[in-house]
Amino acid sequence: MHWADVVALNLSKKGTKHIVSTGITPSGEFHIGHLREILTGEMISRAAKNAGLEVDFIFIVDDADPLRRVYPFLDEEYSKFIGHQIGNIPAPDDNGKPDYARFNEDGWNYADHFLNPFLNALKKIGVRPRIVKNLESYQSGMFSECSKIACDNADKIREIIERVSGRELADSWFPWSPLDSNGSLEGVTVTGYEFPLVHFIDSNGNTGTSDITKGEGKLPWRIDWPAKWAWIGVTCEAFGKDHGASGGSYDTGKEICQLFGYDAPQPLVYEWISLKGKGAMSSSSGNTIGPMEALDLVPPEILRFLIAESKPSKAIEFDAGMSLVNLADEFERSCARDLTAEMNDESLSRRRKVQLEDLFVAIKLSSIEENSKSNSSNVSFRHLALLAQTKSDDQMVWNSLGMNADNPPSSILIDRLSKMRTWINSVHFPDEMRIKMINEVPTEMLQEFNHEQKSVLENLTRMLNECPWDTDSIGSCIVDAAKSIELSPRIAYGVSYICLMGNHKGPRLAPILVELNKSDIVGQLNRCLEFVN
RNA sequence: GGGCCUGUAGCUCAGUCAGGUAGAGCAUCCGGCUUUUAACCGGACGGUCGCGGGUUCGAACCCCGUCGGGCCCGCCA
């Protein structure tokens, strides 16, 4: 059974109405790793709906969290905002400096700046969660009841956190972080509490009060999380393995939740996505790839498939090079198969059947529109990559695929080609997929040349030199170089690939050569010819 | 210190939760096609399932141990 269906099955045992929650702090650029958080939750929601459950899928934006430090993409000017809530400070402009103008005019804040492009990407991926913004929720009093319970039970919560996480909390620790008069959550020490006011002294020695029913501060993360479960009514949440560790925030949250009179949601811990060969994904390293960037390279189904086909416990290694090519091709191949028919084969082993079922569900979950079948273009990415590299004109690509005015390419395919061109022009496109002509003489291969190959090379060099430089003529030249001395054209192609690409095989040659400089090609062949003679 | 994940064909992995004679894709090789889409079609090669014990009629799968790899537990999703 597919992992999403397993979770759905568990949920169905607990009731028919469910709220599946996900949450992210928009403290910087989003990357593919964040997509796992959202898509894992979204796929559980879909599976639960298919199981006949009533499901609300929400995305909690933790914009009440403070800015932790001046990230590499930020100007040093942001140091004065450290400790301030990211939904309350200006967004960085192109130079990483705070954009006060936009902030003052239309409230464009730091959190929105990073969140909005991600939401746009989600739309393209077919994810439409109900957005819950943490900052607003605090300000509108949604957290009031839980905050009161937390403050009233400060000792119990302290006991839970210290016992479960094994960490010792400072004497001054209190389950509420007040905002000081400057709007910072850092360096503030709580000195007293009587509902609804928390008294504090800030880092400058100024005293003040914070009303916990008005969002003049926030609950610390380990309490904030279970408080959200309680007031929203979350019944299922997928979260990263950091929270899932023993003594982590899920463990403490589970107990703290009880104080709010609520049972913790069904958990699902997922593994991280890392960049292949480059370690963990991080927005500060230039190598990271964001959802928006990936969407420029491949159709959105592919990104969904990445998450759907891997069990959440599986660490995913990803890059926008060969990993993506293989992933995309696997998706294409799988779509083209008639899995329903394959599953009906009675002779299959149980395991094989389960495997097919999981793949079937994974593909279904990869479709952008719920419950629609994913469309396959029946053209592999490798193939399309070749065509896109050898033909600068789209129409020539369609012709090559046997498409014309009567049999036009689908909009899916047109989009796919356009993305392929973007990919090819990007740094992500893998070298091994790139068509490359060689300049050096492939001496080792040429040493193996027999008499026939030498003769063909001689013919080829001479004929190409006299050849009009268009696709048909070049094609004829290559063939004639062999045929004129009663040899198979195959030999001529083999010779061409070795001399021009340093390989025994290759893609259709004439359309590539026509794009290149004739004298360069003939020159290369001449150097090879000199060597064999 | 606590915990999680992981080790299966050259590569990437599925299969482990419900034990029943080892699976897929890629790569490689062979064949077909031959003015050739590194395309496509057909086939082959390829694994003592990290290691050692145990349970069982039967273990990649369950239990115990062990070795290797990755990661999380600093109020940071």
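**View 1. R158 and E162 both belong to helix α7 (residues 154-165), where four residues, about one turn of the helix, separate them.** Helices here are DSSP runs of H or I with at least four residues, numbered from the N terminus. In this predicted model, local features need pLDDT of at least 70 and side-chain atom pairs count only at pLDDT 80 or more, whereas totals for chains, interfaces and linings use all residues. Residues are numbered from 1 along each chain as its sequence is written, and side-chain values use heavy atoms, with hydrogens and water left out. R158 forms a salt bridge with E162 at 3.9 Å between the closest N and O atoms, the term requiring a side-chain nitrogen of Lys or Arg within 4 Å of a carboxyl oxygen of Asp or Glu. R158 is buried at 18% relative accessible area, while E162 is partly exposed at 26% (buried is under 20%, exposed over 50%, partly exposed in between, with a 1.4 Å probe and protein chains only).

**View 2. R46 and E42 are joined by a salt bridge in which N and O lie 3.2 Å apart.** The two residues are four apart in helix α2 (residues 32-50), and therefore separated by about one helical turn. R46 is buried, with 4% relative accessible area, and E42 is likewise buried, at 5%.

**View 3. D152 pairs with K148 in a salt bridge whose closest N and O atoms are 2.8 Å apart.** Both residues lie in helix α6 (residues 144-152). D152 is partly exposed at 41% relative accessible area, and K148 is partly exposed at 31%.

**View 4. A network of salt bridges links D62, D65, K218, D224 and K228.** The structure as a whole holds 19 salt bridges.

Key: Chains are lettered from A and ligands numbered from 1 in the order in which they are written.
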